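Open the model in your viewer and keep the selection tool at hand. This tour goes from one stop to the next.

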Amino acid sequence: MASYLSSVTPTEIQMIFRVFIPFVAIAVIGMVIGRWDECRHQKTLDKLLCCVFLPCLSFTALHRYETSLRELLLTGLAVLVLTGLPPLLGRLFAGRSQASGVRGLPPLFRGGASLLLPLAYLLFGTAGLAKAVLFYLFVQLCWCTLGAWLAGGRCCPGSFFRIPSLYAAALAMMAAGSSLRAPEHLQEFVWLFEKGAAITAMGALPLLIINFGYPLGRIGWGGLKELLPVRMLGVLSGPALAFFLVLLYRRLGWLEVETGYDILSHIDRRTTEAVLVLGASMPASLLAPAALSRCWSPDVPSRLGLLGRVFTLCAVLFFIDSLIFFDARG
Amino acid sequence: MSLFSSEMSLIVQAVLPSFTIAFFGFLLGRFDRNRELNQKTVSNMVYYFFTPCLVFSSLHKRSFDFQEFALIGGAALLLISFMTPVAFYFKRRARVRENGYCLPIIFMNTGNISLPIALLLFGNEGLAKAILFHMMNILVLYSFGVYLVSGKPDLKQFFKIPALYATLLGALAATTDPQLPAFVEQGYAILYKGIDVLAYGAIPLLIINLGYSMSATRLEALKEGMTGATLRLVGGPLLALALIYAYRLGGWLPPSAGLNPLAALGYRTTEAIILLNASMPGPVMAYLLNVKFDNCPQKAASMLAVGTLGGIMTIPLILSLITGTLMAG
């Protein structure tokens, strides 16, 4: 373990900070905007992201990325375990009290969108972004089914099918996977449409981070102190469980550890692992589909755990670099 | 086989992605029947954070040329001063008392439409030049424009423009190269990265906001703004062409390629940016100022709507003029 950790070079630490510090700074800007607005316009940001920016980001990330069934299954299973297991255990240990179940939900359901997407892109490039989009969509599916069931006693699968990103991602995967091509004279139009979507997708990155910071403007330090110890469990359990899951995947041979001759495939597998761990370290989802709010709306104090996760994230990035990419560095 | 000729393809490449994004905004507005999206929040984000970052990000990456700044800024200033008496003449003819009528005729929408087109057509070089023009337009709007609608210049507002400081800092970063300790250099690299990420958001948000506004336009309200918008869309480019001709005659933008083709390309890009910006419809900010000072906002809104819709037709024409005449020369 010590040798793994000591393998992190100053250049790598610098690279992590080069992504992480701007990220925190932009989140602080979001917090400032939230304070100005008294957080009255969260809906504006949600609407922009849900209806325009996230679909464009999903499309741009996936339309040139060949998603394999194996990857879909691995990510889907990981999301199911990471998001479903803790609340189910919590429900088991806390008895069948619905209130405790609901309180446990927000920190345990990963906010796949707000933070994972920009972080994955800034850290791992387009491949990381594509994997993060898949993670995000599976989290949304869990929100609408398991999450809604745990919170309100019934699933809202219909909400999942109202998420525009789902259709953007499906369209992108179809475009990437099918051998059908647009007629030659239309290809230029298609390419220009993709360019428009790509420009919008890049705009999603700062907006997602701002959207994360926006509600933090409402957090009082008093409340934070009071609730921080309670949230610490949720904060630390996510990445710990994800590392365990990655280890299990490796043991089962689903994510081979050997570098082999194909270094690109090796890096791809490590990126999958990194995205799973990163996704599990994310704060609670503030971007639950708007439609879900009909069944259940996330409580405000749940947002208090967000700040603790920012610090955890920094530590997780170091662990990802030292434990997951250790072999890839050779 | 390509659908367009190479020149036409360039124009379509510059315009279609922007129109695609505007269409996303338009669709968002159409589906948002309760108008829940708060445009002020979006505008504030763009105005205070995204645009200053875009300005700084594009200025600090290239060398800052004061002569170029004088040429582009001077062109913006001259175009505004030429359009002012014309706007006042038509205001008198339309028997309108409020000066707010003149604002969408005098000033240009150099942000929402022109910046993305400049970036897509001329790359970062064009974007940086377009930003210089945009800055001058905004600075005059916040001083002279505010004076026109409120009766007094609002210097306080002028000095509150965040992009002003971004321009100054960008120019400073581009012109100075101090020897700093390594950790400070690393700190700068981190800062620049954050600014670059924020800058990504400026252009799509500007266009989506415009598309969203357009979705509320009613056809019956468009008649009122026809004269002003036509004046802006036709008068602007004509004045710009005259100005470019004068610049060429004065030797500030030499027409011949000379021995340095890169310098010649730079001159032509400057001319293209001047012409492109001059052909823009009125700015949304003019309407917001009219609303703020209650200075005939309805007519301004109508002019902006007609101008922006008309721009869909005139901008490709201007771009074909740019690629076919200015850049080909």
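How many helices and strands are there in chain B? Select chain B: there are 13 helices and zero strands. Helices (H or I, at least four residues) and strands (E, at least two) are DSSP runs, numbered from the N terminus.

Before going on, note that this is a predicted model, in which local features need pLDDT of at least 70, side-chain atom pairs count only at pLDDT 80 or more, and totals for chains, interfaces and linings use all residues. Residues are numbered from 1 along each chain as its sequence is written, while chains are lettered from A and ligands numbered from 1 in the order in which they are written.

**Chain B as a whole**

Stay on chain B. Its C-alpha atoms fill a box of roughly 60 × 50 × 45 Å along the principal axes. Of its 329 residues, 50% are buried. Buried means that 20 or more other C-beta atoms, placed from the backbone, lie within 10 Å of the residue's own. Next, look at the contacts in chain B (C-beta atoms, placed from the backbone, within 7 Å). Among those between residues at least 6 apart in sequence, 85% join residues at least 24 apart.

**Helix H9 of chain B**

Select B:202-214, which is helix H9. H9(B) has 13 residues and reaches 18 Å from first C-alpha to last. That is close to the 18 Å expected at 1.5 Å a residue, counting one less than the number of residues. Twelve of the 13 residues are buried, so H9(B) is largely enclosed by the rest of the structure. Among them are B:Pro204, B:Asn209 and B:Tyr212.

**Helix H12 of chain B**

Now select B:284-292, helix H12. B:Val284, B:Met285, B:Ala286, B:Tyr287, B:Leu289 and B:Asn290 are buried here. The buried residues of H12(B) pack against H4, H5, H9 and H13 of chain B. Just after H12(B), find B:Asp294, which takes a positive phi of about 50°.

**Where the chains meet**

Show both chains. The contact takes 34 residues from chain B and 32 residues from chain A. On the side of chain B that touches chain A, H1, H2, H8 and H9 of chain B each give two or more residues. H1(B) gives the largest share, nine residues.

**The core**

Finish in chain A with A:Ala120 and A:Val133. These have the most contacts inside the largest nonpolar core, which has 193 residues. Such a core is a set of buried Ala, Val, Leu, Ile, Met, Phe, Trp, Tyr and Cys residues joined through C-beta atoms within 7 Å. Leaving out residues up to four places away in sequence, A:Val133 touches A:Ser58, A:Ala61, A:Leu62, A:Leu117 and A:Ala169.

Technical notes: Two residues are in contact if their C-beta atoms, placed from the backbone, lie within 7 Å.
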